Amino acid sequence: MTVTTVFYLGSVISLYCSSQEVLCQIVGGLSHEVPNSTTFDSWQERIRKNYGFYIGLGLALVSSFLIGSSVILKKKGLLRLVATGATRAVDGGYGYLKDSMWWAGFLTMAAGEVANFGAYAFAPATVVTPLGALSVLISAILSSYFLGERLNLLGKLGCVICVAGSTVMVIHAPEEEKINTVVEMASKLKDTGFIVFAVLLLVSCLILIFIVAPRYGQRNILIYITICSVIGAFSVTAVKGLGITIKNFFQGLPVVRHPLPYILSLILALSLSTQVNFLNRALDIFNTSLVFPIYYVFFTMVVVTSSAILFKEWYSMSAVDIVGTLSGFATIILGVFMLHAFKDLEVSWANLPHTHRNPTPSPAPEPTVIRLEDKNVLVDNIELSSTPSPVEKPRVFIIRS
């Protein structure tokens, strides 16, 4: 039997002669034919290199549209639940789980998150994350058409300021450290700084859920949204860890024996169920055009802070990035304040002061003209005016001589 070995240009082969080993590299004189698998890999790499940015951009836009419209579908489902007289979500009811419109919104949001996850695989995070702010504008536009909700002028300005602040904060955020194995992720999660941060988040979240929310949740929009945002830090961390687990599983690494994937799966299930519960409560009693912008801002802020602490990204931040991050944070606070503080004022473009700078004078009343043929009416009016009123008593004059 003859065994034929094919070597390609650049291959390094080992030759044995008696007790000596010689390494040789093939530099020419061979066929340039490339295997099919290599051609397939190079085709994939070429597509990724030439069109990857546009694929990621398209996925980010689709994700923003799906996530923005999913909030409207959820709100419609909650409104239908109120119309039937069932227990509302804010009162602890779960009747929305039987509503098809709510499930359509939930699945639409899941599809949007999948598209967003795919966008991060093709385009840089500094492009994908700011485009996520489009979902805020989409939800505001759709809520005005399908839900009849209106934002005053200050609310619209606050929404734009929030989106701008989030964009500045993400652009100046440091690049995320690459983690390739479950063991590396576990070592990061065991860091003392992240453990302290996670405990503080968990304690504050429990205080909000069991003490603050029952008293002020139905009056203050920030309570339910803060709970969803704080829990979002745990869900995003769990999703990142599970993504690494799936990648390692297909690479043939023994991730099934590691306890971290099971812990992360439990954390993800608990955090997602809590987020859905309190987000539904916020949507049930507050305006959608207020809930979603504030939720996006708080969620982005908490997740960026969590990632910076988990991966210690502040070590690589320059002074410009630090100033930019703090400026974005201050801008977000200003935008949220405008959204929340002036939500009940009737402020629109029509009642701004400059629109009344030169008001049109009202026309002067025309003088009453009595014509000659109306002399009979004039005489009658004189006689009536000279006639004493029946209420007036007669006057008596006594003349003494």
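I am working with a predicted model, where local features need pLDDT of at least 70, side-chain atom pairs count only at pLDDT 80 or more, and totals for chains, interfaces and linings use all residues. Residues are numbered from 1 along each chain as its sequence is written, and side-chain values use heavy atoms, with hydrogens and water left out.

**Entry: the overall build**

I took helices (H or I, at least four residues) and strands (E, at least two) as DSSP runs, numbered from the N terminus. The protein has 12 helices and 2 strands. Reading from the N terminus, I found the order β-β-α-α-α-α-α-α-α-α-α-α-α-α.

For burial I used relative accessible area with a 1.4 Å probe and protein chains only: buried is under 20%, exposed is over 50%, and partly exposed is in between. On that scale, 35% of the 401 residues are buried. By the Shrake-Rupley method with a 1.4 Å probe, the protein exposes about 25600 Å², and carbon and sulfur atoms supply 66% of that area.

I counted a contact when heavy atoms are within 4.5 Å. Among contacts with a separation of 6 or more, 78% join residues 24 or more positions apart.

**Entry: the record**

I checked UniProt, where an unreviewed entry lists several spans as "transmembrane region", including 193-214 and 221-239. Such annotations may be inferred rather than shown by experiment. In the model, residues 193-214 are 100% helix, with end C-alpha atoms 31 Å apart. Residues 221-239 are also 100% helix, and their end C-alpha atoms lie 27 Å apart.

**Entry: the cavity**

My search used a 1 Å grid over the protein atoms alone: a cavity is a set of points where a 1.4 Å probe fits but cannot get out, while a pocket is an open set with protein on both sides within 12 Å along at least five of seven lines. Lining residues have an atom within 4 Å of a point. Points are joined across faces, edges and corners, and a volume is the space filled by probe spheres set on them.

How many cavities of 30 Å³ or more are there? The count is 1. The largest cavity holds about 40 Å³, and its lining is Ala233, Val236, Thr237, Lys240, Val303, Ser306, Ser307 and Leu310. Helices α8 and α10 (288-310) each give two or more of these residues. By class, I noted 4 nonpolar, 3 polar and 1 charged.

**Entry: the second largest pocket**

This pocket contains about 590 Å³ of space. I found 27 lining residues, with Ala198, Leu202, Phe234, Ile263 and Ile267 nearest the centre. Helices α6 (182-189), α7 (192-216), α8 (221-250) and α9 (260-285) each contribute two or more residues. The largest share, 10 residues, comes from α7. The lining divides into 21 nonpolar, 5 polar and 1 charged.

**Entry: two residues**

I looked at Ile161 in helix α5 (residues 153-171). Is Ile161 buried, exposed or partly exposed? It is partly exposed, because its relative accessible area is 21%. Beyond its neighbours within four places in sequence, Ile161 touches Thr331, Gly335 and Met338.

Ala350 sits in the loop between α11 (319-341) and α12 (375-386). Ala350 counts as exposed, at 56% relative accessibility. Its C-alpha atom is 9.9 Å from that of Leu153, 197 residues apart along the chain.

Note on methods
Nonpolar A, V, L, I, M, F, W, Y, C, P; charged D, E, K, R; others polar.
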